[in-house]
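This briefing concerns a predicted model.

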Amino acid sequence: MILADQGLHYADASILPRTDHYYLSDLPTEIIDHILSFLSPFDLASVSSTCHLLSTRSKSDLYWRRHVQDNVPGSQLTSPYPCNTFQELYIAHDPHWFLTKYKVWFCDYFLTGKLIITRYDPRRGCIEGYRLLAEKPQATFDPWEADDEVLIHSFTPHCQLHLDQPVLHLDALRLESLITTSGKTSQLQRFNAETPMRITDRSNHGVFSNFLLARPVEVHPNMNLWPPPTIPAHQRVRNTSQEAFVGSGHKPQKRSEVCEEAFRIRRWMEMSAGINGGPGVHLGEEVYTYATLDPKIYTPTEDKPYRGIWVGDYSGHGCEFLLMNQPDDEEPFDEAKVVQREYETQDEWEARKREERIYRGSLEAIKLTGDPNVPRGEYTFIADDLGRAGYVRTATEKRFAGARIVQSRGHIAARMFRNDKYIESQLIMISHNRLAQYWVGFGHISFYERVDIDRFISHLNDPTPKPKSK
């Protein structure tokens, strides 16, 4: 029995070697290639150590290009530059490919947090992460037709990467370096050592950064973890440490301990010792922990069309980024329960079934970046039921005509997140890409807009740099 493109087929015994044992290396090279195409990078490395034939076949760029490409969304790779082969390129950035694979990362910077987009730059062969920023023009204020004492705050945000200053930068390790540091001790250091990052203009500002892999922990009550419990995650890591995260408990000692959903960045300043040289003064060291999001929870679907990463208007605090989380329903939607009414047309019935499929369950808006009142990682509002239980009305006023309006709870607090509480509010569901929140007690309406994250993961979409003034 041998493998073929269309499945399993039995072969004529006369074409197989006449021996009591059959070996993978006895198969035609096309079939060997097909089998190897299913292997992971680690399995390919294991196969390469078995014999000369399999060593040669397993090093083919036929497989390694695909493994690199799978970790680089948004860019179609045509060259392994700066390496000679895609296998070398994969090894050069191992074990950091998870950074570009998951692309969206948010950190625990005090109160406000930061959101960065990581991507691979094929022009330089490096992995970089840039902060995502949003700005808005001066707001205008219009009275609401439904209640002229309520003001609608205009909101037309513009999102862009802060390309002048990368937060993260990892160059491809040279193959010669990997070969000369392939001993047992160096392999350990490959996972627990800190990697200095070549950040633009760091020498001019005296600011330095190191990249640290993280180690997931078993979650127990009252632990300080990132991401916070408000955000669904498969893995969490500690984000407080009395020893500045230098202990072995915070760092992976082997590949199986590497957390692919979190990492850390250590930053500090060094002041020059003066004209006589000597060691500089190490100042202001800080460690920030970054976590990613499961793509499932920010990828919209037909049943959960509001899932995504959004930007919201927070008045004097500016723009803030949110995760719109639509949790999975406890029970799947049963279309058979939506019975056609006596005077309902077929089209009306189909429309009602679509509506009941979509407008069910809750919608949670969680801050990925925050402000001194309600910080990152906290809920900004919750609509407990998008269905009939939370339904208020369908808007008839011109500004929001046809929008579904449901009950929600807005989260507010005094500075430093003191005395937080939920207040009455209403969610105006304008479209799958734009929402509005009526803060009843405050008498104003603010907006939220979906962010197209994929627009930022390729350098081809970057704005043309402005010429430097002479």
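The largest cavity holds about 40 Å³ of space.

- The lining of the largest cavity is formed by Val72, Pro73, Thr100, Lys103, Thr118, Arg119, Tyr120 and Ile457.
- With three residues, strand 4 (residues 114–121) is the element that gives the most to this lining.
- By residue class, the lining of the largest cavity comprises four nonpolar, two polar and two charged residues.

**Cysteines**

- The number of disulfides in the model is zero, where a disulfide requires a pair of cysteine sulfur atoms within 2.5 Å.
- Cys159 takes part in no disulfide; its nearest cysteine sulfur belongs to Cys319 and lies 7.1 Å away.
- Cys159 has a relative accessible area of 8% and is therefore classed as buried, the limit being under 20%.
- Cys107 is likewise buried, its relative accessible area being 0%.

**Confidence of the model**

- The protein has a mean pLDDT of 88, and a pLDDT of 70 or more is reached by 89% of its residues.
- Residues 1–16 have pLDDT below 50; in the model this stretch makes 16 contacts beyond near neighbours in sequence.
- Residues 178–185 also have pLDDT below 50, and this stretch has seven contacts beyond near neighbours in sequence.

Terms used: Residues numbered from 1 in each chain as written. Predicted model: local features only at pLDDT ≥ 70, side-chain atom pairs only at ≥ 80, totals over all residues. Heavy atoms only, no water. pLDDT = per-residue confidence, 0-100. Contact = heavy atoms within 4.5 Å. Buried < 20%, exposed > 50% of the residue type's maximum accessible area, 1.4 Å probe, protein only. 1 Å grid on protein atoms, 1.4 Å probe; cavity = no way out; pocket = protein on both sides within 12 Å on 5 of 7 lines; lining within 4 Å. Points joined across faces, edges and corners; volume = space filled by probe spheres on them. Helix = DSSP H or I, 4+ residues; strand = E, 2+ residues; numbered from the N terminus. Nonpolar A, V, L, I, M, F, W, Y, C, P; charged D, E, K, R; others polar.
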